[in-house]
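Please look over the sequence and the model below before reading on.

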Amino acid sequence: MSVAELVCHILSVMQIHIHAVEEGQGIEEHAQRIPIVPKNIDTTNALIKHMKKVLRSIEEKIPSITPDTLERVVVYKQWNEYEIQGNIALCYIVEEFFHHRGQLSVYLRLLGLEPPFLYTY
């Protein structure tokens with residue numbers, strides 16, 4: 001998996017979860033609300049531009065999430081059908097990022113680059 005593919009994977013999963021919390025269901029189409037094809041990303045700047053666009057869209061959704069939204073059951077249908085509470089689904093966004101952050105750090109080190117400080121976003 002290339003760096004671009006990994007970043008696009010992380011961002012697509014983040015999109016699934018934020019839309020699932022907002023709409024009450026997680027479906028595969030949520031992954032492409034802001035569509036991207038990793039093989040079309042041919043520069044670091046293009047990858048960063050896409051990442052910022054997705055993260056901005058996620059940030060815009062945060063104010064609409066209420067305590068009731070977090071308590072509501074979210075039904076996921078894109079992999080296996082399962083249900084979780086909205087607050088857990090929201091946590092998946094953070095978990096997905098940190099789950100793959102180690103992979104990105106290894107890629108950067110293999111390229112001779114120093115990964116960003118852990119708490120630098």
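Glu96 is buried (under 20% relative accessible area, where over 50% is exposed and anything in between is partly exposed, with a 1.4 Å probe and protein chains only), yet Glu96 has no salt bridge, and the nearest side chain of opposite charge, Arg101, is 14 Å away. A salt bridge here is a side-chain nitrogen of Lys or Arg within 4 Å of a carboxyl oxygen of Asp or Glu, and for charge Lys and Arg count as positive and Asp and Glu as negative, while His and the chain ends are not counted. This is a predicted model, in which local features need pLDDT of at least 70 and side-chain atom pairs count only at pLDDT 80 or more, whereas totals for chains, interfaces and linings use all residues. Residues are numbered from 1 along each chain as its sequence is written, and side-chain values use heavy atoms, with hydrogens and water left out.

**Partners of Glu96**

- Glu96 belongs to helix α4, which spans residues 86-110; helices (H or I, at least four residues) and strands (E, at least two) are DSSP runs, numbered from the N terminus.
- The side chain of Glu96 makes polar contacts with the side chains of His9, at 2.9 Å, and His100, at 3.0 Å.
- A polar contact is a pair of N or O atoms within 3.5 Å; within protein, one must be able to donate a hydrogen and the other to accept it, and residues adjacent in sequence count only if both atoms are side-chain atoms.
- Leaving aside residues up to four places away in sequence, Glu96 touches His9, Ile10 and Val13, where contact means heavy atoms within 4.5 Å.

**Salt bridges**

- A search of the whole structure finds 2 salt bridges.
- In one of them, Lys61 is joined to Glu22, with the closest N and O atoms 3.4 Å apart; Lys61 lies in helix α2 (residues 44-61) and Glu22 in helix α1, so the pair ties together parts that are 39 residues apart in sequence.
- Both ends of that pair are partly exposed, Lys61 with a relative accessible area of 21% and Glu22 with 30%.
- Arg109 and Glu114 also meet through their side chains in a salt bridge (3.7 Å, N to O), and both of these residues are exposed.

- Met14 touches Leu55, Ile58 and Ile93, not counting residues up to four places away in sequence.

**Start of helix α1**

- Val3 is placed in helix α1 (residues 3-23) and is partly exposed, with a relative accessible area of 30%.
- With residues up to four places away in sequence again left out, Val3 touches Leu47, Leu104 and Tyr107.

**Sheet**

- An open sheet of 3 strands runs in the order β1-β2-β3 with mixed pairing, and its edge strands, β1 (25-26) and β3, each pair on one side only.
- Strands β2 (residues 73-76) and β3 (residues 82-85) pair in the antiparallel sense over 4 bridges, pairing being assigned if DSSP finds at least two bridges between two strands.
- β2 and β3 form a hairpin with 5 residues between them, in which Val73 stands opposite Gln85 and Val74 opposite Ile84.
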